[in-house]
Every structure is written in structure tokens, then in C-alpha cells.
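Please examine the sequence and the model shown below. The briefing that accompanies them is arranged by topic.

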Amino acid sequence: MAGKTFLVDTTKCTACRGCQVACKQWNKNPGTKTIQRGTHQNPEDLCFSTFKLVRFSEMEEKGKINWYFFADQCRHCIEPPCMYTAQGLGYKSIIRDEKTGAVLFDPKVKVKAADFKTIKDSCPWNIPRRDEKTEGIAKCTMCIDRIREGLLPACVKACPTGTMNFGDRDKILDMAQKSLKELKAVYPKAKLLNAEILRTVFLVVDDPQKYHKFAAVDDPTAITRIAAIKKLIQPFVSLSRFIG
Amino acid sequence: MNVTRRDFMKISGVTVAGATLSQLGFDLTPVHAYATELRIKGAKETTTVCCYCSVGCGQIVHTSGGKIINIEGDPDQPTSEGALCTKGAGAFELVTHPQRLTKVMYRAPRSTKWEAKSWDWALDQIAKKIKKNRDKSFTEKNAKGEVVNRCNGIAAIGSCHINNEEGWLYQKFLRSLGLVYIEMEARL
């Protein structure tokens, strides 16, 4: 399959948050007002102006402290449920770039609060965010303006450790399989998260739930099925708006 | 909604037509949101070194019309190969941040307030203090009566970001004052 893909090798991440800042900087997103919550994860969550966030998950197991880092961002699904849901609701503001496969939101288009909830709930990775003031919705853009010119996305460009990787899908998947094989020898739980349906592939060495609540879905076929159904019924839904 | 058999035929007919259209590649979606050109296209690129830690990662500063429009990693730099950490990645804000210091800030001894001062005032202050302390602590001869010309009252801490030539000048300046406590350290 053509297009582009990210590989996020969490074993290499030191949680420096270079990707997070580079993302803010390139996308000209303003800072978020935050408070001390007793964690290094800052800001607390993704928002309309935070597309990339390094999640810190700290837990004690068998008297040992484990610290998981998860550089969360949009997965750019190959069959994006958010796009089909939005289309079903009559919005044309979520599109998929044909060449790269990037899933793009138009942040200038207003989305009703209830519709946004449906769109957000359709995303298994809890990514879309809405600005209450402008009523627009936004998320990671895969730095579409950069990658169209052959540059790397800002987060990948900045990453000092090799956690963030980006390139043609087949090459990145080869790289992912190679890293997975090496890691399996040391970490039997190592796996790629939903690699077959996503363009942002996370490589983890423990239970994905320990990294982040929405790190992975157990049954990826369910997602594609939902997407397929939404795609099928979408013309009826949009028509029913005119007729009903 | 009451759908008669006739209506249903109409709807499905339109739907099929719609589906066929989209399958043929008629994409009527407005793509304007991301149709913008790369904003650093054609910008002047100047290389520099990140001002923070001792790693000294390379950066490219993009300028257009004399204004800095972007700062990102320099892939040609052998130490960092284009990578930057949080601080380096946020370097653009050194220029643009509204809370950036643009004046010399001075806090007098035992004062609890900062005052804004001019550069001329600050440089004069520094010169006065160097003169005062050098005069006070200057050792012309040691205990054995040998000429040493030392200034023991001042220590210097340099930066790791100055290059060979700047380092040579800095060293020359400090030695001419008679300083012997000279350090170069970045992680401060």
C-alpha cells in the first residue's frame, strides 16, 4: 500500500518532548495554560492547539517502578472512522489526502457540539479535539505542507533518539518488523499496535494499556467494519437530511 | 419519515448515481484548508548553534524580509543530524515570545525588586566592578618575591558555544586582566 507512515518506537523515547514542542512551533499553536498535577506530562491532554503529546504513565509493579512514555498523536487510519462519521453527518471538512494518506481536518469549519461528540466517539484513539470558541475541530496534520515538499514532519525532524520515524509505508513497515524482531528477543511482549490499519504505528514492549488507555484496539476488524458500514449508509444518511 | 416504494426507488437511484460519481474520482470536497504553500519556501537559511546545553545541536534559522520565520534542526550538522530537544525545538520563541526580556534587568543587593536598566549603564557597572575588584585583589609579587601579576579576586565562567577564535579573544582578555580562575562550562 502506498502513502506515508509513522513508526513510533517507544523503547527509544526518553520523553524529552522535543516532538511536542516542534509540533506546536511548526503549527503555530499557542501554549496551553497548565497547572502542576504531580506529573511530567504537560499539558494534561491533547487539545485544539495540542496535536502531539508525550504521555507519561508511572506505575509500581512487584516493588519496581516502571515509567512508560507514549508520544501520542493522530494515527491517520487507512480507513478513518472520523471521516466517514463526519460525512455521515453531512460535514465535508474531514478529508483524506490521496497521495500520502494523511487524514485532515479543516479547523475553520464549525462543527456542532453534539456532532463533534459523535465524531470523537467514533475515533478509537480519542484524538479529535474541538475549540469551544471557534467551534472548529483539529488534530495532527501529518505536517502535510512539509511532506508535500519532501520534508519530514516537524516531530520526526526534531526527534533526537530515533523514536519518531516517517517515510514510505512499505519501508517503514519493514523497519518496524526489523525492530520488533530484535526487541522480541529481550521483551517477549513486544508488539506493533494495529499496524495493518494505521499510518502511525507504535512499537511497545509491554501491555499497551499500561502506556495509555487508548493506545490500541483489541479487534481492529471491528473498526474497519464500522468504517465500511458508515461508508455504505452514508449516502442514505446525507439524503435523509434533505428529505426528512 | 414516510418512505413509499416510489420514494425509495428515487432515493436509491440518486444514491447509486452519487456513489458512482465519487468512485469515478469526482471529489467535490473543499481542500482549501491545507492547500497553502510551505511557509519556509524560498526563505533565507542561516545555520547556527542552539544556545542551550553543551551538545551544541545545529539549527537552521529561516528568515524572510529580515524577519525570523522559523527555526529548526540542521540535518547537515554532524553532532545532531537535524534533531533538537524541547528547548532547541522551541528556540523560535526566543525571538517571538511576548515575555522575552528586551532590557537589562537589575536587582540591587538585598533588594526584592527588579529594575529595567540600559545597556550603557550595565556595561559601565561591570567595568566599575572589574576595576574595583582587580585593584583590591591584585598580587604583583608572590611570597618568594617573584613577579606574578595575578588578579585573585575575579573568576571567569565561559560558554561552550563560543568558537576557537572567540575563545582565544576571551582568554586573551582575561589573561590581560591577570585572571587565573578561568573555566569553560556549559551546563549552567
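Predicted model: local features only at pLDDT ≥ 70, side-chain atom pairs only at ≥ 80, totals over all residues.

**Helix 2 of chain A**
- Eight of the eight residues of helix 2 (residues 81-88) of chain A are buried, so this helix is largely enclosed by the rest of the structure.
- The buried residues of helix 2 of chain A include A:Cys82, A:Met83, A:Tyr84 and A:Gln87.

**Domains of chain B**
- Chain B is divided into domain 1 (5-34), domain 2 (44-96) and domain 3 (104-184).
- The centres of domain 2 and domain 3 of chain B, taken over C-alpha atoms, are 30 Å apart.

**Sheet of chain B and its helices**
- In chain B, three strands form an open sheet of mixed pairing, in the order 6-7-8.
- Strand 6 (138-141) and strand 8 (179-184) of chain B each have a single partner strand, so one side of each is left without a neighbour in the sheet.
- Neighbouring strands of this sheet are turned by 25° against each other on average, direction ignored.
- Strand 7 and strand 8 of chain B run parallel and are joined by five bridges; B:Ala156 has B:Ile182 of strand 8 as its bridge partner.
- Helix 4 (residues 119-137) of chain B packs on the sheet, touching strand 6 and strand 7, and its direction makes about 140° with that of strand 7.
- Helix 5 of chain B lies across strand 7 and strand 8, running at about 155° to strand 8.

**B:Cys160**
- B:Cys160 is found in the loop between strand 7 (147-158) and helix 5 (164-177) of chain B.
- With 15 other C-beta atoms within 10 Å, B:Cys160 is partly exposed.
- The C-alpha atoms of B:Cys160 and B:Val55 are separated by 9.0 Å, although these residues are 105 residues apart along the chain.

Note on methods
Residues numbered from 1 in each chain as written. Chains lettered and ligands numbered in written order. Buried ≥ 20, exposed ≤ 12 C-beta atoms within 10 Å, placed from the backbone. Helix = DSSP H or I, 4+ residues; strand = E, 2+ residues; numbered from the N terminus. Domains from an automatic or database assignment. Pairing = 2+ DSSP bridges. Axes fitted to C-alpha atoms, helices over the stretch in contact; angles between N-to-C directions. Contact = placed C-beta atoms within 7 Å.
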